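Please keep the sequence and the structure in view while reading.

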Amino acid sequence: MLRYDEHTVCKPLVSQELSFYESLPLAMRQFTPQYKGIVSVHLKRDSLGNLTLLASPGLGQLEGCGLLDKCKWAASTGTEHGLVKWSHTQVTKTFRDSCPGKVLLRTDLQYHTDSLLEDANGNQPERKSYNPWGLHCHRQHLNRMSSKPNENKLHQFLLLENVVSKYSYPCILDLKMGTRQHGDDASEEKKARHIKKCEQSTSASLGVRVCGMQVYQADTGHFLCKDKYYGRRLSPEGFRQTLRQFLCTGNQLRTDLLEPIVLRLKALLSVIRKQSSYRFYSSSLLIIYDGQEPKESTAPLDHHFPFPKTQGTNPSGVDVRMIDFAHTTFRGSKSNPTAHDGPDHGYIFGLENLIKILQSLSEGK
């Protein structure tokens with residue numbers, strides 16, 4: 001996933017995911033990123049191997065801008081590390097202010113000195129200047145886009161809300177939800193592969209598994225990062241301990257976060273139970289909070305969240321969001337005619353277990 005601007009990310013368009021966002025039930029909107037439209041992207045490579053990504057609104061769906069608006073990114077694939085974080089420095093004005101004129105945005109590689117990586121076996125931490133899993137994903141994505149068959153292809157991207165843009169030190173737990181991960185259109189080979197992954201992980205036993213995590217460690221000034229391979233190896237007890245680690249910011253266990261997280265999860269559970277025919281195969285759930293610990297002084301209310309950021313029942317702006325709907329299906333979907341009855345019981349099973357584990361942590365068990 002690439003950054004379009006500070007508050008917007010873009011990801012490759014998948015027709016099934018687009019269909020989901022276009023038909024999104026009103027009750028679910030508070031639990032998903034805001035859909036902002038579509039852009040078309042064309043790649044150009046110079047003699048040094050640098051890529052330029054030229055983007056323009058596609059299908060007339062970009063909010064607030066005309067069809068001729070252009071945005072430009074420069075991305076380097078010739079460097080040793082490739083892309084780590086897309087951070088746009090505007091040469092003229094901000095994107096919002098410059099519509100409907102042209103805008104020049106440039107991606108700068110930012111190597112942060114606040115990341116800490118543990119391997120899947122919990123061995124000696126190694127200092128890194130970037131989130132290694134983020135680096136891997138960016139590199140993979142750029143390689144796919146810039147491969148020979150795709151070099152002159154016009155790519156389309158969904159524009160979505162950047163749900164972590166409000167946080168100074170975003171602590172993020174990425175959870176793969178449900179007891180089944182393969183979509184209805186999966187080949188027999190892919191189906192067998194996903195079933196095996198579920199059986200060998202907590203997806204089968206709990207209906208949820210860790211897909212990634214980063215936690216700011218206030219005592220060291222670094223992020224602790226874990227990837228999906230770490231999550232696949234966890235036992236149910238290991239999953240529980242990882243949830244506990246997610247709430248540990250180095251100085252203390254943030255038990256004050258448990259109530260607002262559980263409240264958000266219960267609200268989501270209530271909504272999912274009412275969504276007949278929906279199946280959220282292979283989707284993820286993000287639990288987010290700010291690693292900058294709340295101060296004693298009263299902070300202004302952030303209207304993006306139902307609670308104050310640092311006071312009351314929602315310190316540090318706790319949020320819960322569903323993401324990744326490329327394999328989500330529902331009755332009436334344009335991309336997948338398969339119809340299911342009732343709510344997604346595998347997803348519900350995962351939510352219920354997640355809530356139980358978090359509640360047990362709040363009780364000190």
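With which residue does Glu161 form a salt bridge, and how far apart are the closest N and O atoms? In this predicted model, the partner of Glu161 is Arg321, and the closest N and O atoms of the pair are 3.1 Å apart.

**The Glu161 and Arg321 pair**

- Glu161 has a relative accessibility of 14%, and because the cut-off for buried is under 20%, Glu161 counts as buried.
- Arg321 likewise counts as buried, its relative accessibility being 3%.

**Other salt bridges**

- The structure holds nine salt bridges, and among them is the one between Arg180 and Asp184, whose closest N and O atoms are 2.8 Å apart.
- Both residues of that pair are partly exposed, Arg180 with a relative accessible area of 26% and Asp184 with one of 25%.
- Arg331 forms a salt bridge with Asp341, where the closest N and O atoms lie 2.9 Å apart.
- Arg331 and Asp341 are both placed in the loop between strand 17 (328-329) and helix 9, at a separation of 10 residues.
- Arg331 is partly exposed, with a relative accessible area of 46%, whereas Asp341 is exposed, with a relative accessible area of 63%.
- Through salt bridges that share partners, Glu161, Arg264, Asp319 and Arg321 are joined into one network.

**Helix 9 and its ends**

- Helix 9 covers residues 345-362, and at 1.5 Å a residue its 18 residues should span 26 Å, which agrees with the 26 Å that separates its end C-alpha atoms.
- At the N-terminal end, Asp344 caps helix 9, with a side-chain oxygen of Asp344 lying 3.3 Å from the backbone nitrogen of Gly346.
- Just after helix 9, Gly364 takes a positive phi of about 75 degrees.

Key: Residues numbered from 1 in each chain as written. Predicted model: local features only at pLDDT ≥ 70, side-chain atom pairs only at ≥ 80, totals over all residues. Heavy atoms only, no water. Helix = DSSP H or I, 4+ residues; strand = E, 2+ residues; numbered from the N terminus. Expected span 1.5 Å × (residues − 1). Polar contact = N/O pair within 3.5 Å; in protein donor to acceptor, adjacent residues only side chain to side chain. Salt bridge = Lys/Arg side-chain N within 4 Å of Asp/Glu carboxyl O. Buried < 20%, exposed > 50% of the residue type's maximum accessible area, 1.4 Å probe, protein only.
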